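Open the model in your viewer and follow the stops below. Each stop says what to select and what is there.

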Amino acid sequence: MSKTIRWGFLGTGAIAADFAQDLALVPGAELGAVASRRPSQAQAFAQTFKIPKTYASYADLVAAPDLDLIYIATPNPRHREDCLSALSAGKGVVCEKPLALNAQEAGEIIAFAQLKNLFLMEALWTRFNPLIQEVKTLLSQGKIGQPLYFQADFGYPVPYDPQSRFYAPEGGGALLDRGVYLLSLAQYFFGAPAQIQSQALFAPAGVEDQCLVNLTYGDGLQAILLATFKTYGTNGAVILGTQGQIQIEAPLYFPTHYRLTQFDLPSGPIPGFSPPGGKQKLLRQLQGNAFGAALLQRLQRASRQRQGNIRLVSHLGKGYFYEAAEATRCLQEGRTESAVMPLEDTLQVMAQMDAIRRLWQKP
């Protein structure tokens, strides 16, 4: 029988609450303790989720001998410190995205985890989503041929407030908060790009509230990614290939539907095109002979195939179940990283965000 993995939580925010709710659904996982910078919040959180222990400090929680895995849901600027503290105490770590503020910090955390032979994983829930896993499989099976273009955006309005974490000079900005989702998906689907281009717009505090990223890959694939606080995005994605396309419906960060379209385009006239003389006249001419009728059927079939079929992928809980289950399983099996969210991918994406920020010209 697999060992029960006892989790400790650093942080009690909204994401931590959703994660705790889903963790209760994971076989072999148990939430054993929680800590907050405000003891009253830790106590309220513990009462809500029936957690047996609370701690008044993060240091006390990571030192607890009966915990196996620490989930870090503290503000972005604290991630490096909290990860290193938990690893120093001999605990595995699951840290909310982004793992760190830059590649140097991420590399330091990863190197220390590897030195200690401890589990470490960035908690970017979208990667573990069953739909994203299914899309990854479709791509690897060549269902849309050679991918040529990936487009994705993530945007919801965030009114400017210099006191908000979104606009904090350290750890804020659209890239770290939203762009990391898009870059991580691109990394997961296609690997590291050969070339990066980017532009950004800036809020009064000097933090980017919108950024556009262009990626070029060595095999002819291009990607355009947009992260914004300024307005609503489509919050979806599309992958175009030589033989089809996959459209991931919003919300991209927690998708439940996608549309797979596989092309079967006939040679000759484009479906829906009518030469001078009108569509009805053309249809009558085609229907008047066997060859024309067969051509019409082929065009109609191609049109249906271009529209594709929508697939619904069901989920458990609020969407955090899958990353919690993956981390629990990895620890039970003695693994030090996840194959779904490998540490090299986390480091690659961090390096890409560093490169992106170097391209910006701040006002």
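**Stop 1: a helix pair**

Helices H5 and H12 are roughly antiparallel to each other (an angle over 145 degrees). This is a predicted model: local features need pLDDT of at least 70, side-chain atom pairs count only at pLDDT 80 or more, and totals for chains, interfaces and linings use all residues. Residues are numbered from 1 along each chain as its sequence is written, and side-chain values use heavy atoms, without hydrogens and water.

Select H5 (residues 103–116) and H12; their axes come within 8 Å and cross at roughly 165°. Helices here are DSSP runs (H or I, at least four residues), and strands are E runs of at least two, numbered from the N terminus. On the H5 side, the contact (heavy atoms within 4.5 Å) includes Ala-103, Gly-107 and Ile-110. On the H12 side, Leu-347, Met-350 and Asp-354 are among the residues involved.

**Stop 2: Asp-354**

Stay in H12 (residues 343–359) and pick Asp-354. Is Asp-354 buried or exposed? Asp-354 is buried (under 20% relative accessible area), at 15%. Beyond neighbours within four places in sequence, Asp-354 contacts Leu-101, Asn-102, Ala-103 and Gln-104.

**Stop 3: aromatic rings**

The structure holds 25 aromatic pairs (Phe, Tyr or Trp six-membered ring centres within 6.5 Å). Select Phe-150 and Phe-189: their centres are 6.1 Å apart and their planes at 85°, so the pair is edge-to-face (over 60 degrees). Phe-150 is in strand E7 (residues 147–155) and Phe-189 in helix H8 (residues 174–190), 39 residues apart. Both Phe-150 and Phe-189 are buried.

Terms used. Rings of Phe, Tyr and Trp (its six-membered ring) pair if their centres lie within 6.5 Å; planes under 30 degrees apart count as stacked, over 60 as edge-to-face and the rest as tilted. Buried means under 20% relative accessible area, exposed over 50%, partly exposed in between (1.4 Å probe, protein chains only). Axes are lines fitted to C-alpha atoms, for helices over the stretch in contact, and angles run from 0 to 180 degrees between N-to-C directions. Angles under 35 degrees count as roughly parallel, over 145 as roughly antiparallel, 65 to 115 as roughly perpendicular and the rest as oblique.
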